[in-house]
Amino acid sequence: MPEPRRGRLLRLVRGSAGPEPERTDALGALARAAAAGDRTAIRTFLVTVGPHLLRVARRVLGAQHPEVDDVAQESAFAVMEALPEHRGECAILTFACRIAALQAMQVLRRDRTQKRAAVRQDAFDFEEMASAARGADEELAARASAEIVRQMLDTLPIEQAEVLALHCVLGFSVPEVAEASGVPLETARSRLRLAKQALRARLLADPRLAGAVEESP
């Protein structure tokens, strides 16, 4: 994958960093050593965060997307490149997962540009949507809902897409979204509200999905 994508992502991360003092973080010491170039620390750090980066890539792209592994690997490079910029504004793992989510969303946007009409049936399986004991209608609705969420991540302004991915796909709380994005809590709430309004409009347009729409917090 091309270097410019990592460069754009790194600028997003740098632009969100705040001046808050570093807080207690289980990975803090390891991350600092890795950022300083300690090879053992780098290996340990990547082994620790790697599964989380892969999980984020699967959830944002869909587990069957052909570039899931590539995005996870590219996210690891991007995390290492951005690590010296981390100043304790959020937990290291939150920081890494946000980078992976942004990396995956860039792939969604590139895919839309290259294949506007292509929708892979095997990309519908959102991991966080339970599949046990569901009827055919429920299964179809879940798959359609997952695809709509991916389309929203692809088409919303990047700031709104980011909070939607972090909150609705990865399960971050609103305060965690604000910390990860480096914005005030009310800004995160506002972006999430706008993203959910757009998502709700898309869901309500499909009768099968109208019942799944939840009110914004």
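Aspartate 69 is found in helix α4, where helices are DSSP runs of H or I of at least four residues, strands are runs of E of at least two, and both are numbered from the N terminus. At 54% relative accessibility, aspartate 69 counts as exposed (buried means under 20% relative accessible area, exposed over 50%, and partly exposed in between, with a 1.4 Å probe and protein chains only). Aspartate 69 lies twelve residues along the chain from alanine 57, and the C-alpha atoms of the two are separated by 7.8 Å.

The structure is a predicted model, in which local features need pLDDT of at least 70 and side-chain atom pairs count only at pLDDT 80 or more, whereas totals for chains, interfaces and linings use all residues. Residues are numbered from 1 along each chain as its sequence is written, and side-chain values use heavy atoms, with hydrogens and water left out.

The secondary structure of the protein comes to nine helices and zero strands. Of the 217 residues, 46% count as buried. Among contacts (heavy atoms within 4.5 Å) with a separation of 6 or more, 69% are between residues 24 or more positions apart.

Helix α4 covers residues 68–82, and its 15 residues should span 21 Å at 1.5 Å a residue; the expected span is 1.5 Å times one less than the number of residues. Buried residues of α4 include Val68, Val71, Ala72, Glu74 and Ser75. Ala76, Ala78, Val79, Met80 and Ala82 of α4 are also buried.

Two packed helices are described by the angle between their axes and the distance between the axes. Axes are lines fitted to C-alpha atoms, for helices over the stretch in contact, and angles run from 0 to 180 degrees between N-to-C directions. The axes of helix α3 (residues 39–61) and α4 come within 8 Å and cross at roughly 135 degrees. That angle makes α3 oblique to α4 (under 35 degrees counts as roughly parallel, over 145 as roughly antiparallel, 65 to 115 as roughly perpendicular, and the rest as oblique). The crossing of α3 and α4 is right-handed; a crossing is right-handed if the near helix is turned clockwise from the far one by less than a right angle, and left-handed if anticlockwise. On the α3 side, the contact involves Ile42, Phe45, Leu46, Leu53, Leu54, Ala57, Arg58 and Leu61. These meet Val68, Asp69, Val71, Ala72, Ser75, Ala76, Val79 and Met80 in α4. The residues of this contact divide into 13 nonpolar, one polar and two charged (Ala, Val, Leu, Ile, Met, Phe, Trp, Tyr, Cys and Pro count as nonpolar, Asp, Glu, Lys and Arg as charged, and the others, Gly among them, as polar).

Glu162, Val163, Leu166 and His167 of α7 make the contact with Val174, Val177, Ala180 and Ser181 of α8. By class, this contact has five nonpolar, two polar and one charged residues.

Glutamine 160 is also found in α7. With a relative accessible area of 16%, glutamine 160 is buried. Apart from neighbours within four places in sequence, glutamine 160 is in contact with Arg191, Leu194 and Ala195.
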